[in-house]
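Me: I am new to this structure and would like to go through it carefully, one question at a time. Could we begin once it is shown?

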Amino acid sequence: MQNPFHIDAERSGDAAVLRLRGELDVASASRLEQALADVTQDAPRIVVVDLGGVEFMDSTGLRVVLSANERAQEAAQEFALVEGPPQVQRLLELTRARERLRIASDLRELLG
């Protein structure tokens with residue numbers, strides 16, 4: 001049975017943090033797109049997507065993450081990821097997305 005996708009959004013000072021759980025795929029990508037649009041309306045200095053709870057990510061989820069990174073650059077905002085489990089990290093490495101994204105092993109690295 002598929003684990004339902006869930007997003008916890010929080011504001012921590014001048015940072016917006018989205019913690020994801022479940023499968024980030026074609027069925028859930030639009031929910032992440034909407035959550036990113038919602039948190040960037042207040043123009044945070046940095047937007048962080050925490051992939052720690054993502055059990056699976058497909059190319060649709062990857063496209064959402066890369067698009068969010070591009071939009072943040074255009075808006076002069078920082079965008080970063082907290083790394084996910086090995087399957088997610090492997091996708092980022094195989095697609096060379098890791099080279100274009102700021103990825104930290106821990107949220108404190110990005111907010112500290």
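Me: In which strand is the place of Ala-9?
Reply: This is a predicted model, in which local features need pLDDT of at least 70, side-chain atom pairs count only at pLDDT 80 or more, and totals for chains, interfaces and linings use all residues. Residues are numbered from 1 along each chain as its sequence is written, and side-chain values use heavy atoms, with hydrogens and water left out. Strands (E, at least two residues) and helices (H or I, at least four) are DSSP runs numbered from the N terminus, and Ala-9 falls within residues 6-12, which form strand S1.

Me: Is Ala-9 buried or exposed?
Reply: Buried means under 20% relative accessible area, exposed over 50%, and partly exposed in between, with a 1.4 Å probe and protein chains only. Because the relative accessible area of Ala-9 is 53%, this residue is exposed.

Me: Which residues of H3 are buried, and where do they lie on the helix?
Reply: The buried residues of H3 are Val-88, Gln-89, Leu-91 and Leu-92. Seen down the helix axis, they fall within an arc of 155 degrees (taken from the directions from the axis to the C-beta atoms), so they line one face of H3.

Me: Which exposed residues does the face of H3 turned away from its buried side carry?
Reply: The buried residues of H3 are covered by elements including S3, H2, S4 and strand S5 (103-104). On the face turned away from that buried side, the exposed residues are Pro-86, Arg-90 and Leu-94.

Technical notes. Contact = heavy atoms within 4.5 Å.
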